[in-house]
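Colleague: I would like a close look at a single part of this model. Please treat its surroundings in one connected account.

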Amino acid sequence: MTLLDDRRTSRADEWRQFHRGRTPPGHVVVASRRAHLTPTRTVVDCARDLHPRDALAIMDAAMRRGLTSLPQLRDMRRHQRQLPGISGVDTLLRICDPLRENWLESASAWAVHASGLPAGVPQVTVLDAAGRFVARVDALWPELGVVGEADGRGKYEIGAEPGEGTDVFSIMRTAIHEQREREDRLGDLGLVVCRWGQRDALAMTPLADRLRSAIERAEPARVTARYRCSCCSRDLTDCAGATRIARLGA
C-alpha cells in the first residue's frame, strides 16, 4: 500500500479512507518490538469511523475486558475534539456499559437508543418476592416491568456436556423448551418478556416495534419481582446499577 505525500489530513478513494494526524507518544505501546495504538485510542478511533452499533460493541467489550475505562475514553475524546467524526462519540460515551456480554446486546442497545426508546439496564438478576433466583436477563426496564432478551443462535447451542448427544437440533429444542419455562416464571412475577434476534437489531424498526408492544402490554403495578445487579449482587438501586439507571434515563 502506498500513501501519497500530500498535505491533506483526510483522503478517500473507492474502498479506503486515510486520516493523517500526529500521534502522541502516550497513545502508543510497544509489544513484541511492534508499536500499537493503546486500546483507549483504538476504541475512540473506531467510534469515529464505524457504524455506531459496532463502535458501541467495541467500546462495551474493551471496558468489560478491562482494556480501558469511561474516564480514559472521555479524556481521549477531549484530545481528539478536532478530528472528523468525533461528535458522534459523545452519544456512545453516554450509553456504553461493560455489563453487556456480546455484540448483539450492544447492537440492540444502539437500536433502542436510535429509536427514541428508554434504555434498559443490562444483565440483571431477577428474584421472586421471597428472594429466590428466577433468571438473569439480558436487559431490564425496571420502571416499566419489561424484560428484554437478545436471542442469538449461540444461546441455543451451548450447554451440551462432553459425551452427550450433540445433535444441534436436539440441543436447540431443549434450550428453547427451557427458555419457555423461564419466560413463564418471569410472567408469573408480572413481567412482560420482549424477545428479538440479530435481524431485528440490524433493521432496528422490528426491535423497536416489539419493545413498544411489550411496554404497552406491561402492567408495572402487578410486578412482584426483585432485582439485583449482576456485577455485585446488591439490590439494583443500591449499587452501580442505580448510577446506570440514572445515566441511561438522562
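Which residue stands opposite Val137 in β6?

Modeller: Val124 stands opposite Val137. Before the details, note that this is a predicted model, in which local features need pLDDT of at least 70, side-chain atom pairs count only at pLDDT 80 or more, and totals for chains, interfaces and linings use all residues. Residues are numbered from 1 along each chain as its sequence is written, and side-chain values use heavy atoms, with hydrogens and water left out.

Strand β6 covers residues 133-141; strands are DSSP runs of E with at least two residues, numbered from the N terminus. Seven of its nine residues are buried, so β6 is largely enclosed by the rest of the structure. Here, buried means under 20% relative accessible area (1.4 Å probe, protein chains only).

Strand β6 is joined to strand β5 (residues 121-127) by six bridges, and the two run antiparallel. Two strands count as paired if DSSP finds at least two bridges between them. The hairpin of β5 and β6 has five residues between the strands, and Gly131 there adopts a positive phi near 90°.

Strand β6 is also joined to strand β7 (residues 146-150), again in antiparallel fashion, by three bridges. Within this pairing, Leu140 has Val147 in β7 as its bridge partner. Four residues lie between the strands in the hairpin of β6 and β7, where Gly145 has a positive phi near 75°.

Note on methods: Buried means under 20% relative accessible area, exposed over 50%, partly exposed in between (1.4 Å probe, protein chains only).
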